[in-house]
Amino acid sequence: MGLSRILPRRLRAEVRLHQHNRQNRLGRVSQSAQSWYQITNIFPEALFEELRSSLANCPRLTRNEGAWRSGSALDGRSLMAGGGGLPLQYLSSNAFTSRIQGETGLSLTMVPEADVNRLSLLFYSGDPDRETGAVGVPRPDGCGWHVDGNIYLGQRWAGILTLKESTFDDVSKLELRPHGTTTTILRQGLENSLILFQGDHVSHRVRDLVSGEKRFVLSLLMSDNPIMTWNLWLRRYQRRVNRMFYGL
Ligand SMILES: [Fe+2]
């Protein structure tokens, strides 16, 4: 197909994405993108335990204490280079995408490896000063209500695979607000499950942890058309987020 036929289609997709992000900033989201799923038993039990213990004490976590989010994170490249690399390859496999499709009907793939958000490790603690040696921590670990930005031409699906959530609550610290209604997720059965939602349409938060609580998760980024935008403004936005989360 000639460039003259492809280009208009690409430009229309770029304009749509740009408008979508502008609407997001105004708090307007699509009512047809409010579905979410929980897929249980992602890894076989023995492999899950191995993965969880290898990632529990990851040494290269970057700490972030912003106005709306406090916690630690490890970007995808460092994560794959570390101890969990081998079991994590399953998340890039056809077997995994087939499982997602079988459970949800969605045809999603992971975004390209160049994106450090493709797969990352997020860590929240109720005692961040004790855990990290940080002095004068201004707020407990958690993340306020927000929707994500999208830098892909296709739908942006966020996946949260809980490795450990050790809290005093019956429900997860992760909460979603599809159609404006706060939805809680039972903590029982949460570990080794994947919560999948369109993070640029479904508002979400992580309630603040309190002393004695701990939570760490894998964050996945998937799309039905993982083509990164040409829009320099959106790419700059993503670089700012990456700097904040991972210090990159
Ligand atoms: Fe988010």
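This note goes through the fold, the core, the strand pairing and a few backbone details of a predicted model.

1. **Basis.** The model is predicted: local features need pLDDT of at least 70, side-chain atom pairs count only at pLDDT 80 or more, and totals for chains, interfaces and linings use all residues. Residues are numbered from 1 along each chain as its sequence is written.

2. **Overall dimensions.** The protein has 248 residues and a radius of gyration of 18 Å, which agrees with the value near 18 Å for a compact globule of that length. The radius is taken over C-alpha atoms, and the globule rule is 2.2 Å times the number of residues to the power 0.38. Along the principal axes, the C-alpha atoms fill a box of roughly 60 × 40 × 35 Å.

3. **Secondary structure and contacts.** There are 7 helices and 11 strands. These are DSSP runs numbered from the N terminus: helices are H or I with at least four residues, strands are E with at least two. Two residues are in contact if their C-beta atoms, placed from the backbone, lie within 7 Å. Of the contacts with a separation of 6 or more, 80% join residues 24 or more positions apart.

4. A residue is buried if 20 or more other C-beta atoms lie within 10 Å of its own, exposed if 12 or fewer, and partly exposed in between; C-beta atoms are placed from the backbone. By that count, 33% of the 248 residues are buried. A nonpolar core is a set of buried Ala, Val, Leu, Ile, Met, Phe, Trp, Tyr and Cys residues joined through C-beta atoms within 7 Å. The largest one holds 46 residues; Ala 73, Leu 121, Leu 161 and Leu 220 touch the most other members. Strand β11 (residues 214-223) gives the most to this core, with 6 residues.

5. **Leu 121 and Leu 122.** Leaving aside neighbours within four places in sequence, Leu 121 contacts Leu 55, Cys 58, Ala 73, Leu 74, Leu 79, Phe 216 and Leu 218. Leu 122 lies in strand β5 (residues 119-125). Leu 122 counts as buried because it has 22 C-beta neighbours inside 10 Å. Leu 122 and Arg 215 are 93 residues apart in sequence, yet 8.3 Å apart in space, C-alpha to C-alpha.

6. **Pairing around β6.** Two strands pair if DSSP finds at least two bridges between them. Strand β6 (residues 142-146) runs antiparallel to β3 (residues 69-74), with 2 bridges. β6 also pairs with β10 (residues 203-206), again antiparallel over 2 bridges.

7. **Positive phi in one loop.** His 179 has a positive phi of about 50 degrees, although it is not a glycine. His 179 sits in the loop between β8 (174-177) and β9 (194-197). Asn 192, also not a glycine, has a positive phi of about 70 degrees, and its place is in the loop between β8 and β9. Which of the two is buried? Asn 192 is, with 21 C-beta neighbours inside 10 Å, whereas His 179 is exposed, with 10 within 10 Å.

8. Helix α7 (residues 232-246) has 15 residues and reaches 20 Å from first C-alpha to last, close to the expected 21 Å. The expected span is 1.5 Å times one less than the number of residues. Just after α7, Gly 247 takes a positive phi of about 70 degrees.
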